[in-house]
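Look at the structure first, then read on.

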Amino acid sequence: MSLNGKTALVTGASRGIGRAVAERLAADGARVAVHYSTNEAAAKETVEAIVAAGGQAFAVQAEFGTDSAVDALYDGLVAGLDGAGLDILVNNAAVVDYADGIEDVGPEQFDRLVAVNVKTPLFLTQRVLPLIPDGGRIVNVSSGVTWFAQPEITYAMTKGALNVFTRSLARTLGPRGITVNAVSPGITETDMNGWLQDPAAAARVAGMVALGRHGQSGDIADVITFFASDEARWVTGQVLEANGGLWLGPNER
Ligand code: NAP
């Protein structure tokens with residue numbers, strides 16, 4: 001229970017990687033704000049799972065990309081924290097659009113992806129910063145698409161921007177002992193990757209990964225929890241690839 005007495009906000013914690021992070025931080029003792037956008041039932045389920053396991057959590061709603069998102073999230077967070085500060089911020093919520101290739105992407109699509117994946121996390125971080133004590137932790141969830149080329153061009157660009165955000169913020173917040181790092185998942189089984197349900201697709205992915213399978217949310221949550229812990233106090237401004245050894249080289253000899 002290394003996070004006993006700490007508080008955390010995980011954005012996009014109703015499902016997928018964010019949910020696994022919320023559950024893991026709570027299992028380690030943190031009181032967790034479970035943020036969601038529209039899926040109230042999934043957020044409720046996450047909070048109930050944490051409480052059933054003996055942890056503490058509350059849900060906070062805000063739809064990123066809307067004008068009121070930062071205010072709504074901040075107000076819900078402060079109400080749930082009930083006077084406490086915010087020790088750990090995990091910027092995880094994001095959207096992907098599989099019709100985001102160079103030939104298809106339009107200005108509205110571009111604006112939405114940038115707003116949800118970059119603009120709202122930036123202004124949310126700015127807004128909650130006064131709640132984060134010296135020695136606090138910020139972890140941003142990036143993606144391997146920053147170094148392997150996918151057709152979804154805007155999505156990849158938003159994740160590249162998050163890596164730059166991570167390094168810049170790490171420098172700015174260093175004097176306060178706040179670390180800022182990014183975890184970059186590889187191909188991970190969540191709702192975002194429904195296509196992995198196809199056994200042939202899963203087998204193709206396994207063939208690209210040194211450890212021979214695609215990732216699970218818990219694989220990523222454990223790495224994020226490391227960055228949130230005291231053990232990671234001397235690491236900041238880094239992007240860590242958590243992908244089982246994706247494309248290290250051909251698997252066959
Ligand atoms: P997911 O299963 O699709 O879950 C997305 C989460 O984000 C949900 O909690 C969802 O809330 C929330 N969300 C969606 N749209 C939102 C909006 N407009 N405003 C606020 N919240 C919103 O995604 P995931 O696969 O776990 O991805 C988590 C993070 O990992 C993302 O940053 C993603 O880019 C990154 N990542 C994922 C993979 C992968 O293979 N899965 C690979 C690399 C990076 P609701 O439940 O309310 O909709």
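How do the residues of the lining of the largest pocket divide into nonpolar, polar and charged? They divide into 23 nonpolar, 19 polar and seven charged. Here Ala, Val, Leu, Ile, Met, Phe, Trp, Tyr, Cys and Pro count as nonpolar, Asp, Glu, Lys and Arg as charged, and the others, Gly among them, as polar.

This is a predicted model: local features need pLDDT of at least 70, side-chain atom pairs count only at pLDDT 80 or more, and totals for chains, interfaces and linings use all residues. Residues are numbered from 1 along each chain as its sequence is written, and side-chain values use heavy atoms, without hydrogens and water.

**The sheet**

Seven strands form an open sheet in the order 3-2-1-4-5-6-7, with parallel pairing. Strands (E, at least two residues) and helices (H or I, at least four) are DSSP runs, numbered from the N terminus. Two strands pair if DSSP finds at least two bridges between them. Strand 3 (56–61) and strand 7 (239–242) are the edge strands.

Strand 1 (residues 7–10) runs parallel to strand 2 (residues 31–36), and four bridges join them. Ala 8 stands opposite Val 32, and Val 10 opposite Val 34. In a regular strand the side chains alternate between the two faces of the sheet. Thr 7 and Leu 9 point one way from strand 1, while Ala 8 and Val 10 point the other way. All are buried, that is, under 20% relative accessible area with a 1.4 Å probe, protein chains only.

**The spaces**

Both kinds of space are found on a 1 Å grid over the protein atoms alone. In a cavity, a 1.4 Å probe fits but cannot get out. A pocket is an open set of points with protein on both sides within 12 Å along at least five of seven lines. Lining residues have an atom within 4 Å of a point. Grid points are joined across faces, edges and corners, and a volume is the space filled by probe spheres set on the points.

| Space | Volume |
|---|---|
| Largest pocket | about 1,200 Å³ |
| Second largest pocket | about 210 Å³ |
| Largest cavity | about 50 Å³ |

The largest pocket is lined by 49 residues; Ala 94, Val 95, Val 96, Tyr 155 and Met 192 are the closest to its centre. For the second largest pocket, helix 7 (residues 217–228) gives the largest share of the lining, three residues. Helix 4 (107–128) and helix 5 (153–173) each supply at least two residues to the lining of the largest cavity.

Definitions and conventions:
Buried < 20%, exposed > 50% of the residue type's maximum accessible area, 1.4 Å probe, protein only.
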